[in-house]
Amino acid sequence: MSTARLAFVTPRYGDHILGGAETAVRGLAELLAAQGMAVEVFASCTNNLFDWRNEAPAGCETLRGV
């Protein structure tokens, strides 16, 4: 039996991102991960929505099971 997997795509992601849509995606992703679903989020490396400069290093990290 295969395990369900889910991916979200959002411009920015992380604890330090306070946008409405980004906060909603993070909350839902963490809730689903806590229930055992395999959840991934794909986001840019920017923290700033005004100039979109890459600020975070590219790569993968795990934040509360996501």
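Glu-22 and Arg-12 form a salt bridge in which the closest N and O atoms are 3.3 Å apart.

User: What parts of the chain does the pair of Glu-22 and Arg-12 tie together?

Analyst: A salt bridge is counted when a side-chain nitrogen of Lys or Arg is within 4 Å of a carboxyl oxygen of Asp or Glu. Here Glu-22 lies in helix 1 and Arg-12 in the loop between strand 1 and helix 1, so the pair ties together parts that are ten residues apart in sequence. Helices (H or I, at least four residues) and strands (E, at least two) are DSSP runs, numbered from the N terminus. Please keep in mind that this is a predicted model, in which local features need pLDDT of at least 70 and side-chain atom pairs count only at pLDDT 80 or more, while totals for chains, interfaces and linings use all residues. Residues are numbered from 1 along each chain as its sequence is written, and side-chain values use heavy atoms, with hydrogens and water left out.

User: How many salt bridges does a search of the whole structure find?

Analyst: The search finds six salt bridges. One of them joins the side chains of Arg-64 and Glu-30, at 3.2 Å from N to O. Because Arg-64 lies in the segment after strand 2 and Glu-30 in helix 1, that pair ties together parts that are 34 residues apart in sequence. Arg-64 is partly exposed, with a relative accessible area of 47%, whereas Glu-30 counts as buried at 18%. Asp-15, Glu-30 and Arg-64 are linked in a network of salt bridges.

User: Which residues of helix 1 are buried?

Analyst: In helix 1, the buried residues are Glu-22, Val-25, Arg-26, Ala-29, Glu-30, Leu-32 and Ala-33. Seen down the axis of helix 1, these fall within an arc of 165 degrees (taken from the directions from the helix axis to the C-beta atoms), so they line one face of the helix. That buried side packs against strand 1 and strand 2, while the face turned away from it carries the exposed residues Gly-20 and Ala-34.

User: What span should the 15 residues of helix 1 have?

Analyst: The expected span of a helix is 1.5 Å times one less than its number of residues. For helix 1 this gives 21 Å, and its end C-alpha atoms are 21 Å apart, which agrees.

User: In which sense do strand 1 and strand 2 pair?

Analyst: Two strands pair if DSSP finds at least two bridges between them. Strand 1 (residues 5–9) and strand 2 (residues 38–42) pair in the parallel sense over five bridges, and Val-9 stands opposite Phe-42 in strand 2. Together with helix 1 (residues 20–34), the two strands make a right-handed β-α-β unit; right-handed means that, with the strands pointing away from the viewer, the path from the first strand over the helix to the second runs clockwise.

Terms used:
Buried < 20%, exposed > 50% of the residue type's maximum accessible area, 1.4 Å probe, protein only. Contact = heavy atoms within 4.5 Å.
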